[in-house]
Amino acid sequence: MPPRSPLAPAEFPALPIIGGVRFAIAEAGVRYKGRPDVMLALLDPGSVVAGVFTRSATRSANVLDCQAKIGADSAAGAAIIVNSGNSNAFTGRAGEGSVAAICAAVAERTGLPAARVFTSSTGVIGERLPHDRITAKLDELHAALSPEGMADAARAIMTTDTFPKAATAEIEVDGKTVRIAGIAKGSGMIAPDMATMLVYIFTDARIPRAELQSMVSELNDKTFNNITVDSDTSTSDTLLMAATGASGVDVTWNAEFTQALYGVMLDLAHQVVRDGEGATKFVTVHVSGAASESDARTHALAIANSPLVKTALAGEDPNWGRIVMAVGKSGAAADRDLLSIRFGDITVAEKGWVAESYREEQGATYFKGQEIDINVDIGLGQGQATVWTCDLTHGYIQINADYRS
């Protein structure tokens, strides 16, 4: 496993117990030896599940199965089972068979309908999933279920991740505590639509499924769909959120709950970028003054995904000409003579020309930091957008050149 990212959080958060959900992990040997690679989460009856998924045309059998199930209301509980090491993608009918076999086995062991079993697989594409190794562990997983197992679950779903990812929030509603906690995996093959990751969020709040789905979809567009590591979108991206209702507190359209959930999702999204394969810089790209919000996002992604911008960041070279290039090629409206660029609080260029006050050594010093803000004003309107990314280093090439070997 690669060394821990220099951008990783100082410590793993203390995760609260979320009433109505229990977790277990196992070593199934799907691909990795001597480490947990399967996670099971079991939700109590009355839980509702919402989700968003990759729109890749080559998405996995797991994603297609989850998409088919996610819109149904049910009074039954639910199960989420995840394996790492093999994505079960581009495996044809065999992939569909693996999903069906896992769902049937989990349903039999838990007493749930198969339609309430949600599966995810992450790892190598194009290799058949040895699902029998997973189903053979179901007795062990079921016996080990614990409300305190979420931290272990975060570790079991990792692939090239260098640290487990989790975030949590608590709010008070009418004098009662409502808890949210989430875990994620993701490091490479990260780009909006969603990014290449798996995300599982749990709350003890009570909320109807349709309202939860609406909230998750809206917040996803403000968080996970605004991160990019390498512009590549996975076949397996899945975000599932479950509300167990165990707290008895209804949060339907509760603004404070929505804000707390946004904070958890943004924290997890940022952690995925901070664990970008080989990353040494966490980069915020903010574009303002665009002709529209859509144009602003187009410009921001052009900058964040540019290999030339990202390698300049890795080399600590404040080559602002590469940002000008990225804006110009994006396809969104821009005017050379109205463009302004700042690195943090440093004005680099304005009105289509380098700022008189700017000195190259200022930019060079700023680029030595681990947290970089690139601010671009297009000068055409009110549209703005923010995207988070990282640099592109030799480490990224090394990890992905050796991914299957």
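Predicted model: local features only at pLDDT ≥ 70, side-chain atom pairs only at ≥ 80, totals over all residues.
Is Lys137 buried, exposed or partly exposed? Lys137 is partly exposed, because its relative accessible area is 23% and buried means under 20%. Lys137 forms a salt bridge with Glu140, with the closest N and O atoms 3.4 Å apart. Glu140 counts as partly exposed too, at 39% relative accessibility.

A search of the whole structure finds 15 salt bridges. Another of them joins the side chains of Glu371 and Arg274, at 2.8 Å from N to O. This pair links distant parts of the chain: Glu371 sits in strand S14, Arg274 in helix H7, and 97 residues separate them. The two ends differ in cover. Glu371 is partly exposed, with a relative accessible area of 43%. Arg274 counts as buried, at 17% relative accessibility.

Asp337 and Arg336 also form a salt bridge, and their closest N and O atoms are 2.9 Å apart. Here Asp337 is partly exposed, with a relative accessible area of 39%. Arg336 counts as exposed, at 63% relative accessibility. Elsewhere, salt bridges link Asp161, Lys165 and Asp275 in a network.

Strand S14 leads on to the sheet. S14 covers residues 371-377 and pairs with strand S10, residues 282-290, in the parallel sense over seven bridges. Within this pairing, Val287 stands opposite Val376 of S14. S10 also pairs with strand S15, residues 383-390, in the antiparallel sense, again over seven bridges. There, Thr284 has Trp388 of S15 as its bridge partner. How many of the nine residues of S10 are buried? Eight are, so the strand is mostly covered.

Next come the helices. In H9, the residues Val309, Lys310, Ala312 and Leu313 are buried. They lie on the same side of H9, because they cover an arc of only 160° around the axis. A general rule of helix geometry is at work: an α-helix has 3.6 residues a turn, so residues three or four places apart point the same way. The buried residues of H9 pack against S10, H8, H10, S14 and S15. Just after H9, Glu316 takes a positive phi of about 55°.

Helix H10, residues 321-329, can be read in the same manner. Its buried residues include Ile323, Ala326 and Val327. These cover an arc of only 100° around the axis, which puts them on the same side of H10. On the other side of H10, Gly328 and Lys329 are exposed. What covers the buried residues of H10? The cover includes helix H8 (293-305), helix H9 (307-314), strand S11 (340-343) and S14. After H10 comes Gly331, with a positive phi near 95°.

The last stop is a loop residue. Thr244 lies between strand S9 (238-243) and helix H7 (255-274). Is Thr244 buried or exposed? Thr244 counts as buried, because its relative accessibility is 8%. A polar atom of its side chain lies 3.2 Å from the backbone nitrogen of Ala246. Leaving aside residues up to four places away in sequence, Thr244 touches Gly19, Gly20, Val21, Leu43, Gly46, Ser47, Thr203, Asp204 and Ala205.

Key:
Residues numbered from 1 in each chain as written. Heavy atoms only, no water. Buried < 20%, exposed > 50% of the residue type's maximum accessible area, 1.4 Å probe, protein only. Helix = DSSP H or I, 4+ residues; strand = E, 2+ residues; numbered from the N terminus. Pairing = 2+ DSSP bridges. Polar contact = N/O pair within 3.5 Å; in protein donor to acceptor, adjacent residues only side chain to side chain. Contact = heavy atoms within 4.5 Å. Arc of directions from axis to C-beta. Salt bridge = Lys/Arg side-chain N within 4 Å of Asp/Glu carboxyl O.
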